[in-house]
Structure formats: C-alpha cells, structure tokens
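Please look at the sequence and the 3D structure shown below before reading on. The report then takes up a few parts of the fold in turn.

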Amino acid sequence: MAEILVMGEMLVEIMREQEDIPLSEPGVFKGPYPSGAPAIFIDTAARLGCDTAIIGGVGKDDFGTCLLDRLKKDGVDVSHVIESEKCATGCAFVTYFRDGSRKFIFHMGNTPAVEAKAPADGEFQGVKYMHIMGCSLMADKNFAQEILKTMRLFSGQGAKISFDPNIRKELFTDASIHDVIREVMEHTVVFLPGAEELLMITGQETVEEAVKTCFEYPRMEILVLKNGSKGCRIYQRDGMTETGAYPVRQVDATGAGDSFDGAFLAGLVQGKSVKEAARMGAAAGALNAAAFGPMEGKITQETVREMIEKNEKYRICEDTQQTRNV
C-alpha cells in the first residue's frame, strides 16, 4: 500500500560548513546527509502520516545505509530500492554563497541512483499520487525513460501525477529533456514550479501567459507557483488564491521546496483543501529551512500543526485570496 509514490535519485549530500568557499578550493565539509530531491519529498510525506514508497537505488555501502536507515525510520517503504554490490551510492557536493545561491557537483552517472527500473503492473496498490522531479529526469537518459514508463503505468491505473520541475542547471546538459518534460506535462495533474521554471517550460514571457498555457493541458487541475519566503500562488481552473510563508531563522534552504511538495500532497491525500494543503507545505518548508541539512528539519504532524496554528493566531502569516479566470 502506497498512497504517494516517487521514483528518482537517492543521494547523500556533503556540504560546505561556511559560505563563499568555492568547491575548487580546500575547505571544511559537513555530512553525509541523506538527500536527493525525491527522497526529501517522500520522507516529508511519510512523516506527515501518509503511506509512502520510493523506487530508487543505492550502493551497498555506508552512504547507502545512511539513506535507507533514515527513510525506514520515518516510515517510507524502501522495498523497491536497489542495493548494488558493484557501484557506490550517488552523492552531491554543495557550496553556499552569501547572496543565497548554491553550486552543486553531482556524482550520479554510473551509480545506483539512476539504475532503478519501472515496476511491473500490480507491484504497488492504492497509489493516489506519483510524484516526479525534473532533476531525476535530467540525471540520466535511460533513467528518464524508466520514470516515464512508471508514470504511464500509474496514470493508466488512475493515479494522479504531480510534477516539480526542480531544474538544476548542472544537470541540464541535453536538449532531448524538452521532449521528456512535454510528455510529463501531458500527464500532470498537480504542477509545482517556481516562476523561472514555469516560464522556461512554457516558453512564455509572463506568468499570466504561462499559467494559461499550462491549463491547456486537459489533465491539469492545480498549479502551485512557489516563491520561497514570499509564499505561493495556487491556481485552479476556477480561480487563484495566495498563501504566505511562515517566518523562521533560515539556516539552510536546501530541500525546503521538496518538503513543501511532500506536505502539500500529504494534505491533498488527507482530504485537505488546496489552501490547507498549501499551509502544510509552507510550514514543512519553513521547518526544513530552519535546520542545516536537506532532510533535517523537525517536520512532524504536530510541529506542522503548531506552526500553522501559531501563525494563524498571531496573524504573522497573512493570506490573501483573489479570484480570477485562468
């Protein structure tokens, strides 16, 4: 049983301890931390009470143990994770800059991170959402095709497809990815881009034009335009609503958007309105950003509820609602 399923790369992240130290220079790192956008996403959904599963791969090594132990502890089904005897677990090295930007060096090619295959029909039951990350599609051509096969399988069984483009310029090395993304968009029901990604994928010059383009896909139901600390806009065919962000002392923004996705889908699975689900996403993203490490935020059903209730009580997070045709 898996209400929410994801297929994608599983990595450990090794991070600069201080800002403004290029990866080309000697310096101190912290880690390894369990990571990979799909793993961060699914771990968040699991911690918020959903039945979850991940399809991926790790090496049979200490880094793989780091990932599997964490996901198992938080309740993620890892029975479809490859444990390779031949290749080491994928990893990413990350440095931070004072202006808020980051730079990555990924070691994913020829690792188990991109070796998983599409499951056979009937291997999973009860899947309501399959989530796809753009960084997974860009990691390896063959892996992208396996994700597409899995998407077609679950979409055909009635599961809804959610998609976060999560574009990493370090991985965007092949123009053929545009065809892959186009097929994913044709199946997408819940779309979770940032503004730059939205414009890039649609080829439009304004957000308004881009949103209209997205709703030309017949399956599209919800578009959440994420804008970090400024909150998000939630577009549906009958209108738009805005939700603010929750204030925290930001320590590390890595993984905050992935945590937003996991909490948002958890809310939908649990029968919340899109506005309530977005508040869950905002709370999870804030809790994630308040801790160093991509999966280290204190995200639980209780902490998410407390953050929402606290900010509603004191009106720290101000929501505005508008309605317009999209």
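Predicted model: local features only at pLDDT ≥ 70, side-chain atom pairs only at ≥ 80, totals over all residues.

## The four-stranded sheet

An open sheet of 4 strands has the order S3-S2-S6-S7, and the pairing within it is mixed. At its edges lie strand S3, residues 29–35, and strand S7, residues 102–107, each of which pairs on one side only. Going from one strand to the next, the twist averages 25°.

On the sheet packs helix H2, made of residues 62–73, which touches strand S2 (11–16) as well as S3, and the direction of H2 makes an angle of about 50° with that of S3. Strand S6, residues 90–96, pairs with S7 in the antiparallel sense, and 6 bridges are found between S6 and S7. Within this pairing, phenylalanine 104 in S7 is the bridge partner of valine 94.

Strand S11, which covers residues 222–226, pairs with strand S12, which covers residues 232–236, in the antiparallel sense over 4 bridges. Valine 224 stands opposite isoleucine 234, a residue of S12. The hairpin of S11 and S12 has 5 residues between the strands, and in this hairpin glycine 228 takes a positive phi near 55°.

S12 is also joined by 5 bridges to strand S13, residues 239–243, and S12 and S13 run antiparallel.

How large is the volume of the second largest pocket? The volume of this pocket is about 290 Å³. Two elements, helix H9 (274–289) and helix H10 (301–314), are those that give two or more residues to its lining, and the largest share, 5 residues, comes from H10.

By class, the lining of the second largest pocket has 5 charged, 4 nonpolar and 2 polar residues. The lining residues include Lys272, Glu276, Arg279, Arg305 and Glu309, and also Leu48, Met280, Val304 and Ile308. Gln270 and Gln301 belong to the lining of this pocket as well.

Terms used. Residues numbered from 1 in each chain as written. Heavy atoms only, no water. 1 Å grid on protein atoms, 1.4 Å probe; cavity = no way out; pocket = protein on both sides within 12 Å on 5 of 7 lines; lining within 4 Å. Points joined across faces, edges and corners; volume = space filled by probe spheres on them. Nonpolar A, V, L, I, M, F, W, Y, C, P; charged D, E, K, R; others polar. Pairing = 2+ DSSP bridges. Axes fitted to C-alpha atoms, helices over the stretch in contact; angles between N-to-C directions. Contact = heavy atoms within 4.5 Å.
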